[in-house]
Amino acid sequence: MGLNDTPNANRVHIGFFGRRNAGKSSVVNAITGQDLAVVSEKKGTTTDPVTKAMELLPLGPVVIIDTPGFDDDESEIGALRIRRTKRILNQSDVAVLIVDAAEGLSKYDHQLIAIFSEKKIPYIVVYNKLDLLSHGDMEEKGLYVSAKTGEGIRALKERLGTLA
């Protein structure tokens, strides 16, 4: 049985979480090397979780889950996005919190971190959009990447390998 034959239940499930337009889908696409998730400047493009079973080196067989944004969208569809995102938390073995590096951590990011801790889900905070920052703007904790340029994506894959 090859890695591609591994049943989804036996794969490490990696959930990508964060606010709308933090770049979750862009980071997922950069990590997978595929146009797995739709990317748009419009907030709330991802309304349903997007899953992809694949082999991700150096991890091996995984299920990547791109989640809808988790933030202050109080519309009916916003509430639905948040419910679906919370449901994915119960399926995740590892969580990746994507933060817009120019905006920093929000109260919604802190809520997600609290949920990760409560559920004992290993997680990593990833600051996306590094290409828009000067190095003086970088905080000390977390990993910085640019889904646009690919900078830091390999380091993210390696860090995921240690968490999984």
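Which residues on the other side of helix 4 are exposed? In this predicted model, local features require pLDDT of at least 70 and side-chain atom pairs count only at pLDDT 80 or more, whereas totals for chains, interfaces and linings use all residues. Residues are numbered from 1 along each chain as its sequence is written, and side-chain values use heavy atoms, without hydrogens and water.

Helix 4 spans residues 153–163, and its buried residues are Ile153, Leu156 and Leu160 (buried: under 20% relative accessible area; exposed: over 50%; 1.4 Å probe, protein chains only). Because these buried residues fall within an arc of 50 degrees when seen down the helix axis, they line one face of helix 4 (the arc being that of the directions from the axis to the C-beta atoms). On the other side, Arg154 and Thr162 are exposed. Helices (H or I, at least four residues) and strands (E, at least two) are DSSP runs, numbered from the N terminus.

The buried residues of helix 4 pack against several elements, including strand 1 and strand 4. Strand 1, residues 12–18, has six of its seven residues buried. Strand 1 runs parallel to strand 3 (residues 60–66), with five bridges, and Val12 has Val62 as its bridge partner. Five bridges also join strand 1 in parallel to strand 4 (residues 94–100), where Ile98 stands opposite Gly18. Strands pair if DSSP finds at least two bridges between them.

In the largest nonpolar core, of 22 residues, Phe17, Leu97 and Phe116 touch the most other members (a core being buried Ala, Val, Leu, Ile, Met, Phe, Trp, Tyr and Cys residues joined through side-chain atoms within 4.5 Å). Helix 3 provides the largest share of this core, five residues.

How values were computed:
Contact = heavy atoms within 4.5 Å.
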